[in-house]
Structure formats: C-alpha cells, structure tokens
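Please read the following report alongside the sequence and the model, which are displayed just below.

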Amino acid sequence: MPTLPAQPPRARSLAVVNEEIRALQADGGLVTAEGRRRYEELLVEWAAAVRGDVTEAA
C-alpha cells in the first residue's frame, strides 16, 4: 500500500512566536551561541507568520 506524503508542519501563530522570542530575550538566552541561533530561527518563523497574516487579511 502506498504511503501518503507527509503533511507540511502547520505554522505557529504570530502570537506564539512572539511569546517565544520575548522569553528568550527575558531569560538572557541571546548571550549564548545557541540562543542567538534560536533567535535567528524564530525571526525567520516570525517573518513567515507576518506574511501569512497579511495574505489572510487581503
């Protein structure tokens, strides 16, 4: 039986990503290399969420 293609992961909401960014900043997580890498990932995710919000509003 053929397998179904995997569903792309559902994008998290802008509010959820914002909350994670704020928590990372508040905890001083940006001091470490890992924290900075995670922050960059979150910014990319945040930008995608913003674009999604704009598309839905249009």
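How many helices and how many strands does the protein chain have? The protein chain has 2 helices and 0 strands, where helices (H or I, at least four residues) and strands (E, at least two) are DSSP runs numbered from the N terminus. This is a predicted model, in which local features need pLDDT of at least 70 and side-chain atom pairs count only at pLDDT 80 or more, whereas totals for chains, interfaces and linings use all residues. Residues are numbered from 1 along each chain as its sequence is written, and side-chain values use heavy atoms, with hydrogens and water left out.

**Surface and burial**

Of the 58 residues in the protein chain, 12% are buried; buried means under 20% relative accessible area, exposed means over 50%, and partly exposed lies in between (1.4 Å probe, protein chains only). The accessible surface of the protein chain is about 4,900 Å², and carbon and sulfur atoms account for 61% of this surface; the areas come from the Shrake-Rupley method with a 1.4 Å probe, and for residues only the protein chains shown count as cover.

**Helix 1**

Helix 1 consists of 13 residues and spans 18 Å from its first C-alpha to its last, close to the 18 Å expected at 1.5 Å a residue, the expected span being 1.5 Å times one less than the number of residues. Within helix 1, the residues V17, I21 and L24 are buried. These three cover an arc of only 60° around the axis, which puts them on the same side of helix 1, the arc being that of the directions from the helix axis to the C-beta atoms. On the other side of helix 1, the residues A15, E19, R22 and A26 are exposed.

L14 also lies in helix 1 and counts as partly exposed, with 21% relative accessibility. In space, L14 and A47 are 8.8 Å apart, C-alpha to C-alpha, although 33 residues separate them in sequence. Just after helix 1, G28 takes a positive phi of about 75°.

**Salt bridges**

The structure holds 6 salt bridges, each defined as a side-chain nitrogen of Lys or Arg within 4 Å of a carboxyl oxygen of Asp or Glu. Three of them are listed here.

| Salt bridge | Distance, N to O |
|---|---|
| E20 and R12 | 2.8 Å |
| R38 and E20 | 2.6 Å |
| R37 and E34 | 3.1 Å |

What do the side chains of R38 and E20 form where they meet? The side chains of R38 and E20 form a salt bridge, at 2.6 Å from N to O. R38 lies in helix 2 (residues 33-57) and E20 in helix 1 (residues 14-26), so this pair ties together parts that are 18 residues apart in sequence. E20, which also meets R12 in a salt bridge, is partly exposed at 25% relative accessible area; R12 is partly exposed at 31%, and R38 is partly exposed at 26%.

R37 and E34, by contrast, both lie in helix 2, 3 residues apart, about one turn of the helix. In this pair R37 is partly exposed at 38% relative accessibility, while E34 is exposed, with a relative accessible area of 54%. A network of salt bridges links R12, E20, E34, R37, R38, E41 and E45.
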